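Subject: Structure for your review

Dear colleague,

Please find the structure below for your records. My notes on what was found in it follow.

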There are 2 protein chains.
Amino acid sequence: MQRPICSVFIATSVDGCIARPDGRIDFLDGVQLEGEDYGFAAFYASVDALVMGRGTWDVVNAFPEWPYEGKRVVVLTDRPAEPRRGETIASGGVVSLLERLHAEGVRRVYVDGGVVIRQFLAAGVVDDLVLSVIPVILGDGVRLFGAGVPELSLTLVESRSWPTGLVQLRYQRTWRT
Amino acid sequence: MQRPICSVFIATSVDGCIARPDGRIDFLDGVQLEGEDYGFAAFYASVDALVMGRGTWDVVNAFPEWPYEGKRVVVLTDRPAEPRRGETIASGGVVSLLERLHAEGVRRVYVDGGVVIRQFLAAGVVDDLVLSVIPVILGDGVRLFGAGVPELSLTLVESRSWPTGLVQLRYQRTWRT
């Protein structure tokens with residue numbers, strides 16, 4: 001299969017939560033630093049398209065401004081949805097979506113949202129993963145990982161810490177020769 | 001309350017597992033390195049006592065040799081247990097155990113095993129946490145954290161990576177002034 005590279009760039013608490021049970025992400029406030037984006041802009045510039053789930057899309061739709069202007073956005077959902085800012089609504093399997101995107105010239109995809117990231121992990125198509133670990137244990141929350149995801153051996157590419165206590169772990173899937 | 005410092009030193013997969021569903025920890029094999037203990041001996045030398053749960057104790061009892069010779073070991077369990085190598089069997093609350101240990105001169109405790117670590121987190125008595133992150137997503141497994149643990153703000157003390165891909169995150173609880 002020819003498909004785009006699939007990349008994850010996400011922040012979690014030490015206990016692996018990407019949000020509180022009600023969806024709030026206020027625990028990220030503690031690492032906000034003027035002029036520091038922890039590599040996000042460079043990562044974002046490197047992707048041709050975003051694939052997100054319904055949950056992330058609903059959150060972003062409530063923002064006053066669409067943050068993805070000029071970037072191809074695909075919303076992966078099996079429920080009816082009305083695109084409002086040029087998004088593509090897609091349903092069905094991850095692999096067929098990736099084949100379509102590749103045929104359209106997309107070479108690297110930013111996979112966002114817990115459900116969609118787990119779908120991509122389950123399909124075995126996540127190529128790299130940037131995890132920004134926030135120095136807090138939340139206890140309760142929406143967890144990034146969980147049962148049902150297949151085992152995936154990773155190679156550490158880089159690890160870096162900031163004075164805010166954020167540690168960023170950059171992994172690639174391990175290619176066995 | 002006067003109590004010993006309570007420290008956690010544990011390895012997890014990227015998705016927060018400390019073992020496979022059947023208890024196996026073979027995923028640690030990939031980071032074994034001749035002469036490299038990732039700081040464990042220095043940490044172990046700094047504690048006066050270990051507190052472990054029934055699960056960890058059962059595993060260790062099956063070893064041909066008792067690995068804790070010369071170190072005070074407390075097994076926290078509500079089920080009957082027969083100490084075999086000088087362990088203390090304790091039941092009941094974490095706080096009263098820590099008060100007893102402090103009265104006996106114990107100043108730093110190594111808290112081991114998922115259940116007991118969560119009990120100590122729930123009691124709000126974990127002071128520092130060394131997490132060694134192994135470069136693999138396991139998918140299914142015994143998770144270190146979970147719901148029911150209260151929120152805990154952490155301060156990053158150090159982060160370090162090794163050529164094996166292991167990243168060690170050293171945190172202390174955040175003391176607010």
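This is a predicted model: local features need pLDDT of at least 70, side-chain atom pairs count only at pLDDT 80 or more; totals for chains, interfaces and linings use all residues.

**Helix α3 of chain B**

With that naming, α3 of chain B covers residues 94–103, and its buried members include B:V94, B:L97, B:L98 and B:L101. These residues span an arc of only 95 degrees around the axis, so they lie on the same side of α3(B). B:S96 and B:A103, on the other side of α3(B), are exposed. The packing partners of the buried residues of α3(B) are β3 (49–53), β4 (72–76), β5 (88–90), β6 (108–112) and α4 (114–122) of chain B. Just after the helix comes B:G105, which takes a positive phi of about 95 degrees.

**Relation of the two chains**

How is chain A laid on chain B? A turn of 180 degrees, with a shift of 0.0 Å along the axis, brings chain A onto chain B with an RMSD of 0.0 Å. The two copies are therefore related as by a two-fold rotation axis. The same surface serves both copies, in that 96% of the contact residues of chain A recur in chain B. Within chain A, the residue that comes closest to the rotation axis is A:G16, whose C-alpha is at 3.5 Å.

**The contact between the chains**

Chain A contributes 28 residues to the contact and chain B contributes 27 residues. On the side of chain A that touches chain B, the elements giving two or more residues are β8 (136–137), β10 (152–161) and β11 (167–173) of chain A. Of these, β10(A) gives the most, with 7 residues. By type, the residues on that side of chain A comprise 17 nonpolar, 8 polar and 3 charged.

Strand pairing also crosses between the chains: β10(A) and β8 (residues 136–137) of chain B run antiparallel and are joined by 2 bridges. A:L152 has B:I137 in β8(B) as its bridge partner. Leaving aside neighbours within four places in sequence, B:I137 is in contact with residues of chain A, namely A:L121, A:F145, A:V149, A:E151, A:L152 and A:L154, and with B:S13, B:V14 and B:D15 of chain B.

In soluble globular proteins, nonpolar side chains tend to be buried together.

**Backbone and loop details**

Most residues other than glycine have a negative phi. A:Y38 is found in the loop between β2 (17–19) and α1 (40–45) of chain A. Because A:Y38 has 18 C-beta neighbours inside 10 Å, A:Y38 counts as partly exposed. In chain B, phi of B:Y38 is likewise positive, near 55 degrees, and B:Y38 lies in the loop between β2 (17–19) and α1 (40–45) of chain B.

Finally, A:T164 lies in the loop between β10 and β11 of chain A. A:T164 has 15 C-beta neighbours inside 10 Å and so counts as partly exposed. Not counting residues up to four places away in sequence, A:T164 touches A:G30, A:V31 and A:L33.

Yours sincerely

Terms used:
Residues are numbered from 1 along each chain as its sequence is written. Chains are lettered from A and ligands numbered from 1 in the order in which they are written. Copies are superposed by least squares on the C-alpha atoms of residues with pLDDT of at least 70 in both. Two residues are in contact if their C-beta atoms, placed from the backbone, lie within 7 Å. Helices (H or I, at least four residues) and strands (E, at least two) are DSSP runs, numbered from the N terminus. Ala, Val, Leu, Ile, Met, Phe, Trp, Tyr, Cys and Pro count as nonpolar, Asp, Glu, Lys and Arg as charged, and the others, Gly among them, as polar. Two strands pair if DSSP finds at least two bridges between them. A residue is buried if 20 or more other C-beta atoms lie within 10 Å of its own, exposed if 12 or fewer, and partly exposed in between; C-beta atoms are placed from the backbone. The arc is that of the directions from the helix axis to the C-beta atoms.
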